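Please keep the sequence and the 3D view at hand while reading.

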Amino acid sequence: MKNKYIKTFCIAIISALTLSSCDKGFEELNTNPNALTDPALKSMFTLAEIYVDGQDFSNTRGNNIYAAQYVQHFASLGGGSKYTYSSEYSGALFGETYGKGLNQIFQLLSVTPDAPENSNMVQALRIMKVFLFQKLTDTYGEVPYFEAGKGYNGNIFAPKYDTQEAIYNDLLKELDEAGTALDANKAFVGNADLYYQSDVTRWKKLANSLMLRVAMRLSKVNPAKAKEYVEKAVAKGVFTSNDDSLVLKHDAGPAGVKTNPITSSWVRNDLNGGESNIKFSKTFIDLLKNTNDPRLRIYAKLEATGNNNPASQQGLPNDAKEFPGGDKKLFSDPNTSTVLRLDAPTLIMSYAEIKFILAEAAVRGWNVGGTAQQHYEDGVKAAMEVLTIFGDKVPAVTTAEYNTYITTYPFKSAGTEAQKIEQIITQKWIVLLFNGFEAFSEYRRTGYPVLVPVNDPTGETKGTIPRRLIYDQSELITNEANYKAAIQRQGLDLMTTRIWWDKV
């Protein structure tokens, strides 16, 4: 994080201790402990942005151990690789998102005066709320949405679960309205905005790019609506370069406060000089090695020796019951000089991802401008170039390397629609490294990349890749009637139950 943001960040952390020290559940979400008459609105806004990125709790358990292993970015001898169940891990995203991220947003909305000078902040909060709710509903299915946060002004402490269809309809509406309402002629929050430093033009692009992501998720369940909102997002204006990518910067300390929430617990507690229990998956490493992908030297290394030579990298099979050869140090770790630095920035949403969505839309014949091939090639190039955000300790991908790669593995312009989409989604899967939740959603939507399931006796799915996570089981105590109504509509609270948009 740049030095000019540190003061703002520290004020936000103080606000966190004062205003939202909750960990999980609707009890916390719907309880305003302070009812301040003069809240530090800008500091609260900063903290809301940090919480959108998630904290160590959900990123370690829900992301690194579960979602990222389901999609075979990473592997271990248990956990997500074998589809085992832990109520703590499975419910981590649910509890943390309601108890921290959404709690912070709803608190801030409840104390923000309805005045023109606060309009841009309110629109930005609406956009951040969509980020959090889409991740929640994509991970679990039906979740409390319309009544969530009503404890502040409606005394609703056991909110109803809503159907995914209703949630998705409202997510699209929120993004459409919030993006339009953002106004460069009105005040914002200055440098309290860690994302874009109150650049309204870039916030508008973010709203539209997120609309693109939300809309494409409907490609199977409601292709007409998906097409409508994909085209609307493009017409309104999405990301146009890596400069628009949503990147949250971090510091190397103090631990758990300003460090990267995806990498920090990994580095502090698990890496141990190459003795980590979580390694790169053989699926991921083999794909990059077999295609001479120049990103491999940036992503991976053998932590014990510091060797990031692509030829030396070895991934752990997701079905492994022990480390082959008995030595964990022989298997590739995320590179602590780049992507696994404690102060590594988080790539929350990238320009490359947007280009891959546009490439898929073009394959489907939707009006997004340009050809599928051009969007695809731009996406691959952007995915390679954006890695410069992780510093210069490892050489960046050069234009010559990109040219060689795209020439050797060109877009399958003469292939079938399915072949083209598989190629596009496989590249998206690479760029979504460390964003396991989004990669998991895209795998379920498309079936790509093609993954070989693990059939382990400790697993819960009888050898099929999970389709969702199981709800936070505290809901059986605090919100039992609404929880039961949701699973009656949706299906049993199992990993194998398909959610609304997840169609065969």
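In which helix is tryptophan 429 found? Tryptophan 429 is found in helix H17, where helices (DSSP runs of H or I, at least four residues) and strands (runs of E, at least two) are numbered from the N terminus. The model is a predicted one, in which local features need pLDDT of at least 70 and side-chain atom pairs count only at pLDDT 80 or more, while totals for chains, interfaces and linings use all residues. Residues are numbered from 1 along each chain as its sequence is written, and side-chain values use heavy atoms, with hydrogens and water left out.

**Overall form**

- The protein has 20 helices and eight strands, and its C-alpha trace spans about 60 × 50 × 45 Å along the principal axes.
- The radius of gyration, taken over C-alpha atoms, is compared with a globule rule of 2.2 Å times the number of residues to the power 0.38. For 504 residues a compact globule would have a value near 23 Å, and the 22 Å of the protein agrees with this.
- Of the 504 residues, 59% are buried, a term that means under 20% relative accessible area, with exposed standing for over 50% and partly exposed for what lies in between (1.4 Å probe, protein chains only).

**Two residues in their surroundings**

- Tryptophan 429 counts as buried because its relative accessibility is 4%; its C-alpha atom is separated by 30 Å from that of glycine 253, which is 176 residues apart from it along the chain.
- Tyrosine 448 is placed in the loop between H18 and helix H19 (475-478), and its relative accessibility of 17% means that it counts as buried.
- From C-alpha to C-alpha, tyrosine 448 and isoleucine 424 are 9.1 Å apart in space, although 24 residues apart in sequence.

**Cavities**

- A cavity is a set of points, on a 1 Å grid over the protein atoms alone, where a 1.4 Å probe fits but cannot get out, and lining residues have an atom within 4 Å of a point. Grid points are joined across faces, edges and corners, and a volume is the space filled by probe spheres set on the points.
- The structure holds four cavities of 30 Å³ or more, and the largest cavity contains about 480 Å³ of space.
- The largest cavity is lined by 35 residues, of which Thr346, Leu347, Ile348, Phe434 and Asn435 are the closest to its centre.
- Two or more lining residues of the largest cavity come from each of helix H4 (56-70), helix H7 (119-140), strand S8 (346-349) and helix H18 (436-446), and H7 gives the most, with five residues.
- By class, this lining has 18 nonpolar, 10 polar and seven charged residues, where Ala, Val, Leu, Ile, Met, Phe, Trp, Tyr, Cys and Pro count as nonpolar, Asp, Glu, Lys and Arg as charged, and the others, Gly among them, as polar.
- The second largest cavity holds about 90 Å³ of space, and among its 14 lining residues the closest to its centre are Tyr51, Gly54, Ser58, Glu96 and Thr97.
- In the lining of the second largest cavity, helix H3 (41-52), H4, helix H6 (92-111) and H7 each supply at least two residues, with the largest share, five residues, coming from H6.
- The lining of the second largest cavity divides into five nonpolar, six polar and three charged residues.

**Aromatic pairs and charges over rings**

- Rings of Phe, Tyr and Trp (its six-membered ring) pair if their centres lie within 6.5 Å, and planes under 30 degrees apart count as stacked, over 60 as edge-to-face and the rest as tilted; by this rule there are 30 aromatic pairs.
- The rings of phenylalanine 74 and phenylalanine 434 form a tilted pair, because their centres are 5.7 Å apart and their planes stand at 50°.
- This pair links distant parts of the chain, 360 residues apart, with phenylalanine 74 in strand S1 (residues 74-75) and phenylalanine 434 in the loop between helix H17 (417-431) and H18.
- Phenylalanine 74 is buried, at a relative accessible area of 0%, and phenylalanine 434 is buried as well, at 11%.
- The rings of phenylalanine 284 and tyrosine 299 have their centres 5.9 Å apart and their planes at 65°, so this pair is edge-to-face.
- Ring pairs also link Phe94, Tyr98, Phe133, Tyr140, Tyr145, Phe146, Tyr161, Tyr471 and Tyr483 into a cluster.
- A charge sits over a ring if NZ of Lys or CZ of Arg is within 6 Å of the ring centre and within 35 degrees of the ring normal. Arginine 468 lies over the face of tyrosine 471, at 4.9 Å from the ring centre, and lysine 381 lies over the face of tyrosine 402, at 5.9 Å.

Key: 1 Å grid on protein atoms, 1.4 Å probe; cavity = no way out; pocket = protein on both sides within 12 Å on 5 of 7 lines; lining within 4 Å.
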